[in-house]
Every structure is written in C-alpha cells, then in structure tokens.
Amino acid sequence: MGSAMKCEMISIHNLKKCFGDNVVLKDISLQVGKGSVVAMIGPSGSGKSTLLRCINLLTIPDAGIVNVGGQSITFDGKNTTLPKARDLAKFRSKTGMVFQHFNLFPHMTVRQNVMEGMVTVLKTPKHEARIAADALLQRVGLSDRADAYPSMLSGGQKQRVAIARALAMKPDVMLFDEATSALDPELVGEVLNVIRSLASDGMTMILVTHEIAFAREVADQVIFMRDGVVVESGPPALVIDNPEKEATRSFLSRFKNSGQ
Ligand SMILES: Nc1ncnc2c1ncn2[C@@H]1O[C@H](COP(=O)(O)OP(=O)(O)OP(=O)(O)O)[C@@H](O)[C@H]1O
Ligand SMILES: [Mg+2]
C-alpha cells in the first residue's frame with residue numbers, strides 16, 4: 001500500500017483489535033472521503049473509542065491497514081513491527097483528537113495552550129504562533145479569553161480551546177470522542193456550533209456522539225457499531241431515519257424515548 005486512494009482521506013481495511021480474550025474490533029473496514037463528516041454511534045463498549053484511537057495509533061491495532069491522508073501502515077497479526085517513533089509521530093500529527101475531557105495545561109493561558117504544539121512540535125517561530133493562535137481563538141469564538149487560564153473557563157470554553165489547540169497542528173482529519181458528553185446541557189450548543197463550522201469549511205471529521213439530532217444534521221455518513229462490528233452505515237436519512245437492522249432500530253429507540 002502506501003499510495004493515496006482517490007479522494008479518500010481515511011481508509012481502513014480489516015481492522016482487528018483484542019484486549020486479552022476480548023475481541024473489541026472484529027473486522028472493520030471503512031472509507032471517509034476528503035471533507036466528509038462521519039458520525040459514529042453505538043452502545044457503550046461497542047468499540048467506538050478504540051476505533052478512533054486506532055486511527056491515530058494511540059491504540060495499536062492487531063491486524064489490518066490504516067491509511068490517513070495517503071500514508072498507510074499495515075498491521076499483520078502478532079509480529080507487527082511498529083513504525084519508528086518518528087514515523088509514528090508524523091502519522092499521528094495528521095489527526096487532531098478532541099476527547100470528552102479537555103486536557104489543557106493548567107499553568108498556561110488559553111493562548112499559550114494553543115501556541116504550545118506549534119512552537120514545540122512544528123517549530124513555528126513564537127510571533128507567528130501567536131498570530132495563528134489568536135486567529136484560531138477567534139474562529140472558536142474566544143478572542144476575549146486569550147489571556148485567561150483554563151481554571152477560569154466554563155466547560156464549553158475549555159472544549160473550544162481544546163479544538164483550537166488541535167487545529168493549530170494543521171491536521172488533515174479531526175476526531176471527536178464524545179466531545180460534548182461531559183458538558184452541562186446549556187454549553188453543548190456552543191461546541192456543536194464550532195464543529196458545525198468546521199464541517200462547512202470542509203474539514204474531514206469523525207465524531208463519536210450521542211447527539212443523534214446533531215449527527216443527522218451534520219454527518220454525511222452515519223456508522224452504527226455494536227460488539228466490535230459495523231452493523232449498518234450510510235447517510236443519516238437511512239441509518240437514523242430508516243434503519244434496516246433491528247439492532248440499529250432498538251438502539252435509536254432509546255433516544256426517542258428520552259426525548260432527543
Ligand atoms: N485499554 C484497554 N484495555 C482493556 N480493555 C479495553 C481497553 N480499552 C477498551 N477496552 C475494552 O474494549 C471494549 C470497547 O471499548 P471502547 O472504549 O472502545 O467502547 P466505546 O464504544 O467507546 O464505549 P463508550 O460509549 O462507553 O465510550 C470494552 O469492552 C472495553 O472494556
Ligand atoms: Mg468511548
């Protein structure tokens with residue numbers, strides 16, 4: 001492999017991952033086109049986070065092929081030799097990841113948090129990093145908080161800083177793992193607005209989310225996972241509004257019952 005596939009930003013083939021006897025990803029294949037937005041839904045323990053982590057190799061797959069932005073790494077069973085640390089770092093830098101819990105540096109201001117990776121990893125000169133950081137803070141609606149410390153921010157503001165910080169590394173792809181799950185309901189909207197604006201700017205994204213209405217609105221493709229398998233995938237009008245599989249229907253009915 002190694003050559004880019006036409007218009008695919010992410011391409012995964014026959015991905016497998018076990019933790020001991022627990023087979024967490026069974027045989028996952030999926031394609032994400034450049035600029036498209038994929039929402040991944042499914043019950044707890046179905047393997048959504050593990051799949052995201054395998055895409056940027058925070059978790060090392062047992063087998064399969066992971067291709068991001070034309071660079072591909074093949075894992076073949078137990079004797080996989082890992083890529084060298086430098087290649088791994090380069091591969092990881094293609095994806096920005098935003099987690100449920102914002103891991104901002106508490107001793108740095110908002111601006112310094114956004115500048116940090118640019119200065120230390122990308123070796124951007126400080127004055128340029130500062131300009132770029134301020135532009136990103138404007139983009140996530142936090143220009144007025146650049147000199148604040150994380151402890152002075154609301155959860156929604158912290159999460160927007162985390163998004164700006166990930167964008168600062170100029171990733172090809174953004175991965176969101178339940179980025180709004182830890183937020184108070186009134187703060188969810190401001191983070192979804194930022195994600196929505198990234199989508200309309202053409203950022204390729206995978207969102208693990210329980211916000212079914214948001215997934216329907218923003219995603220080109222919805223993936224329903226259960227027990228380490230992609231049960232069903234396709235446009236929201238099919239997977240969310242008109243699911244084929246009983247498992248998908250039963251999962252979605254929970255959200256309808258809870259008023260979402
Ligand atoms: N580091 C690990 N070591 C051992 N088992 C793990 C590890 N990470 C995940 N698992 C197991 O893998 C399975 C899938 O977990 P994963 O976190 O991917 O699920 P998920 O779909 O993201 O669930 P949730 O909606 O609760 O976040 C679970 O059975 C989990 O216990
Ligand atoms: Mg998870």
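The model is predicted, with local features requiring pLDDT of at least 70 and side-chain atom pairs pLDDT 80 or more, while totals for chains, interfaces and linings use all residues. Residues are numbered from 1 along each chain as its sequence is written, chains are lettered from A and ligands numbered from 1 in the order in which they are written, and side-chain values use heavy atoms, without hydrogens and water.

**Ligand 1**

- Phe19, Asn22, Val24, Pro43, Ser44, Gly45, Ser46, Gly47, Lys48, Ser49, Thr50 and Glu178 surround ligand 1 (a residue is near if one of its heavy atoms lies within 4 Å).
- By class, this shell has three nonpolar, seven polar and two charged residues; Ala, Val, Leu, Ile, Met, Phe, Trp, Tyr, Cys and Pro count as nonpolar, Asp, Glu, Lys and Arg as charged, and the others, Gly among them, as polar.
- Oxygen atoms of ligand 1 have polar contacts (pairs of N or O atoms within 3.5 Å) with the side chain of Asn22 at 3.2 Å, with a polar side-chain atom of Ser44 at 2.6 Å and with a backbone N or O atom of Gly45 at 2.8 Å.
- Taken alone, ligand 1 exposes 640 Å², of which the protein buries 58% (accessible areas by the Shrake-Rupley method with a 1.4 Å probe).
- Strand 2 (22-33) and helix 1 (48-55) are the elements that give two or more residues to the shell; helices (H or I, at least four residues) and strands (E, at least two) are DSSP runs, numbered from the N terminus.
- Helix 1 supplies the largest share of the shell, three residues.

**Largest pocket**

- The largest pocket has a volume of about 670 Å³; on a 1 Å grid over the protein atoms alone, a pocket is an open set of points with protein on both sides within 12 Å along at least five of seven lines, and lining residues have an atom within 4 Å of a point.
- Its lining has 25 residues, and Thr95, Met97, Arg165, Ala166 and Met169 lie nearest the centre.
- Helix 2 (85-92), strand 6 (95-98), helix 3 (110-120) and helix 5 (155-167) each give two or more residues to this lining.
- The largest share, five residues, comes from helix 3.
- Twelve nonpolar, ten polar and three charged residues make up the lining.

**Cavity**

- There is one cavity of 30 Å³ or more (a set of grid points where a 1.4 Å probe fits but cannot get out).
- The largest cavity has a volume of about 70 Å³, the space filled by probe spheres set on the points.
- Residues lining the largest cavity include Phe176, Glu178, Leu192, Leu207 and Phe214.
- Helix 6 (185-200) and strand 8 (204-208) each give two or more residues to that lining.
- Seven of the lining residues are nonpolar, two polar and two charged.

**Salt bridges**

- The structure holds eleven salt bridges (a side-chain nitrogen of Lys or Arg within 4 Å of a carboxyl oxygen of Asp or Glu).
- One of them joins Asp62 and Lys17, with the closest N and O atoms 3.8 Å apart.
- Asp62 is in the loop between helix 1 and strand 4 (63-68) and Lys17 is in strand 1 (residues 8-19), so the pair, 45 residues apart, links distant parts of the chain.

Conventions:
A polar contact is a pair of N or O atoms within 3.5 Å; within protein, one must be able to donate a hydrogen and the other to accept it, and residues adjacent in sequence count only if both atoms are side-chain atoms.
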